[in-house]
Amino acid sequence: MNPIAAAPGGADLLLWVAFPYICLAVFVVGHVWRYRQDQFGWTSRTTQLLEHRWLRWGSPLFHLGAFAVIAGHVLGLAVPASWTEAAGISEHVYHTGAVALGSVAGITMVTGLGMLCARRVLTRRIRLTTDRSDKVLFPLLSATVLLGFSATATHNVFGPGYDYRTTVSVWFRGVFTLHPQPEAIAGAPLLFQLHALSACLLFAAWPFTRLVHVWSAPIGYLARPYLVYRRRATPATPPTAVHQPRPVSGSRRAA
């Protein structure tokens, strides 16, 4: 049975065609505007000097988990199932590996994000530096991550299993190839749909938050020459002249 529904309705066209393209347009135009108007604000606005114990563990866990999750999404959403099968990877092997590696990456990312959020809420100095964009970004990012993690855990870890590559992936690729198929995701489980919608909102908010620092990764550091530090030579101190007392004018030697 084909999991894709027959004909999309008006709500499906609004949610899975109009809304994604609006978010993508805001994503592109917003980045251009941000770069032209706020280049000095194109930063992650680190608060390491204010607090570093939570950041020391939370930031690496979050970033490593995020990189792994993004790689998994690229493989699962952008690469059709026929390609992996042609490479000799069966559906069972792909599903088992995706669930195992995705669970580890998801737990790592959720743990790191939880530490960063707790740090921002519980540390007064960090809380005072939280601006309006952070108050939008952290809840939206947390909702997107938790919805994706919950969808995977509910349906593919503790549930009977759900092949999102026949529904969500088809819709995702159709959006970027300008042939959207809203009927492909209309029949997906609710958690997958909410995860997709929250991800669209995250892309729309991206250019107006600290997430823009992703495009400023210091990749040049990997190829730049080594820096050689040398101690500055201290010039020799000239000898201090010994000043002899000058004789008093008109003095006479005692007889």
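Modeller: Helices are DSSP runs of H or I with at least four residues, strands are runs of E with at least two, and they are numbered from the N terminus. This is a predicted model, in which local features need pLDDT of at least 70 and side-chain atom pairs count only at pLDDT 80 or more, while totals for chains, interfaces and linings use all residues. Residues are numbered from 1 along each chain as its sequence is written, and side-chain values use heavy atoms, with hydrogens and water left out.

Biologist: How many helices and how many strands are there in the protein chain?

Modeller: Read from the N terminus on, the elements of the protein chain run α-α-α-α-α-α-α-α-α. The count is therefore, with elements taken as DSSP runs, 9 helices and 0 strands.

Biologist: How many Å does helix H1 reach from its first C-alpha to its last?

Modeller: Helix H1 takes in residues 10-37, which makes 28 residues. The expected span of a helix is 1.5 Å times one less than its number of residues, and for H1 this expectation is 40 Å. The helix comes close to that value, reaching 38 Å.

Biologist: Where in H1 does a kink lie?

Modeller: The bend at a residue is the angle between axes fitted to the seven residues ending there and the seven starting there. In H1 the kink is about 30 degrees, and it is placed shortly before the proline Pro20, at Ala18.

Biologist: Which helices are included in what covers the buried residues of H1?

Modeller: Buried means under 20% relative accessible area, exposed over 50%, and partly exposed in between (1.4 Å probe, protein chains only). The buried residues of H1 include Trp16, Pro20, Phe27 and Arg34. Their cover includes helix H7 (168-176), helix H8 (182-186) and helix H9 (190-205).

Biologist: Is Arg34 buried or exposed?

Modeller: A salt bridge is a side-chain nitrogen of Lys or Arg within 4 Å of a carboxyl oxygen of Asp or Glu, and by this rule the structure has 4. One of them joins the side chains of Arg34 and Asp38 at 3.0 Å, N to O. Asp38, at 29% relative accessibility, counts as partly exposed. Arg34 has a relative accessible area of 5%, so Arg34 is buried.

Biologist: Which residues do salt bridges that share partners join into one network?

Modeller: Asp134 meets Arg120 at 3.9 Å, N to O, a pair that links helix H6 (residues 132-157) to helix H4 (residues 91-122). Asp134 also meets Arg210 at 2.9 Å, N to O, and this second pair spans 76 residues, with Arg210 in the segment after H9. Buried is the class for Asp134 at 1% relative accessibility, for Arg120 at 8% and for Arg210 at 12%. The network joins Arg120, Asp134 and Arg210.

Note on methods
Contact means heavy atoms within 4.5 Å.
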